[in-house]
Amino acid sequence: MLGFLSARQAGLDDPLRLRRAESTRRVLGLELNKDRDVERIHGSGVNTLDIDPVEGRYMLSGGSDGVIVLYDLENSSRQPYYTCKAVCSVGRSHPDVHKYSVETVQWYPHDTGMFTSSSFDKTLKVWDTNTLQIADVFNFEETVYSHHMSPVATKHCLVAVGTRGPKVQLCDLKSGSCSHILQGHRQEILAVSWSPRYEYILATASADSRTKLWDVRRASGCLITLDQHNGKKSQAVESANTAHNGKVNGLCFTSDGLHLLTVGTDNRMRLWNSSNGENTLVNYGKVYNDSRKGLKFTVSCGCSSEFVFVPYGSTIAIYTVYSGEQITMLKGHYKSVDCCVFQSNFQELYSGSRDCNILAWIPSLYESVPDDEEALVVSS
């Protein structure tokens, strides 16, 4: 630690180096927090979680029971042992509650006054956080699996929506209508994700084994269909132009937007160059995935070596993004985990499971900080 500080004072070091090294150490020390509970509200599985990007204080959860809960993660009691309380919830008795399973919840990227939810009841709802009333609702002809708002968009307010149909729907929050449709997939759309780097770039994952990148300003079709073989196999081969040998049911950009991670029901995870669509061929080994719908996984941010957190049965597997090495498995749930979300301010992880619980994973506080950053970074 002293070595870091003196090098920074002398101007020999990037000021961010200590922060990245400490962030990395904290991720490597993640463990189930025995001093913090998340209040149990859901009566069935937790499908989706989101932490507000403005303060990093409020967390949304959506469950198979249609219920949405808003938690305050801050320890206002200042006690060593505390429970993250539910501030409010859209329960079964709420007039606007979703009729069926809530598959995705997301905060409005720019403030906590609004959030969105989508459900198997074929709706996307826009909520006023302060009143817990619906500000707008979009109705679809098919079951909704996933939706996403761009974290960086300034010129548009589009929500991408993936449904049981093969078309990707784009809903405009400004006009309150579905502005246009992206066509090219052959089966249901299980996951959608906007680039955190370019506001018009969207990734979509489908049960047709394909992942596509789109520039939504172009009407002519997708930019790239990701090919696991990088074009080296004949088009006659059945697996040509597919991202996985099974359904692609999870998508996540790295925090800088330069790479895209995909997971599929072929028990594989792949890392792609998001600018040219190339499969980087990083080998993560078997990544167990038996989910029949979208799988919500996440990545770290601000570490010396970035990590990906993936639900793996009843555990969460942590891998280094660029080497593919499995670091550890977080064990604590007793049924399948369907979602996890990373809180980058404090390097904390929250996970939701079919056991109805949300667990908090926090860095171990008992490790001393190594002087050498290299000791923190897992060798590739």
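1. A friendly start with the rings: six aromatic pairs are counted in this structure, which is a predicted model. One of them joins tryptophan 107 and phenylalanine 115 in an edge-to-face arrangement, with 5.9 Å centre to centre and 70° between the planes. Both tryptophan 107 and phenylalanine 115 are buried.

2. Phenylalanine 115 also pairs with tryptophan 127, and here the rings are stacked, at 6.0 Å centre to centre and 10° between the planes. This pair links distant parts of the chain: phenylalanine 115 sits in strand 9 (residues 114–119) and tryptophan 127 in strand 10 (residues 123–128), 12 residues apart. Through ring pairs, Trp107, Phe115 and Trp127 form a cluster.

3. Why do phenylalanine 115 and tryptophan 127 count as buried? Buried means under 20% relative accessible area; phenylalanine 115 qualifies because its value is 1%, and tryptophan 127 because its value is 0%.

4. Now to the nonpolar residues. The largest nonpolar core holds 17 residues, and Leu261, Met269, Tyr284, Phe297, Val308, Val310 and Tyr319 have the most contacts inside it. Two or more residues each come from strand 21 (259–264), strand 22 (268–273), strand 24 (307–312) and strand 25 (315–320). Strand 24 gives the largest share, three residues.

5. Valine 308 is worth a look in your viewer. Setting aside neighbours within four places in sequence, valine 308 is in contact with Leu261, Met269, Phe297, Thr298, Val299, Ala317, Ile318, Tyr319 and Val321. Apart from this core lies another, of 16 residues, including Val38, Met59, Tyr82 and Ile358.

Key:
Residues are numbered from 1 along each chain as its sequence is written. This is a predicted model: local features need pLDDT of at least 70, side-chain atom pairs count only at pLDDT 80 or more; totals for chains, interfaces and linings use all residues. Side-chain values use heavy atoms; hydrogens and water are left out. Rings of Phe, Tyr and Trp (its six-membered ring) pair if their centres lie within 6.5 Å; planes under 30 degrees apart count as stacked, over 60 as edge-to-face and the rest as tilted. Buried means under 20% relative accessible area, exposed over 50%, partly exposed in between (1.4 Å probe, protein chains only). Helices (H or I, at least four residues) and strands (E, at least two) are DSSP runs, numbered from the N terminus. A nonpolar core is a set of buried Ala, Val, Leu, Ile, Met, Phe, Trp, Tyr and Cys residues joined through side-chain atoms within 4.5 Å. Contact means heavy atoms within 4.5 Å.
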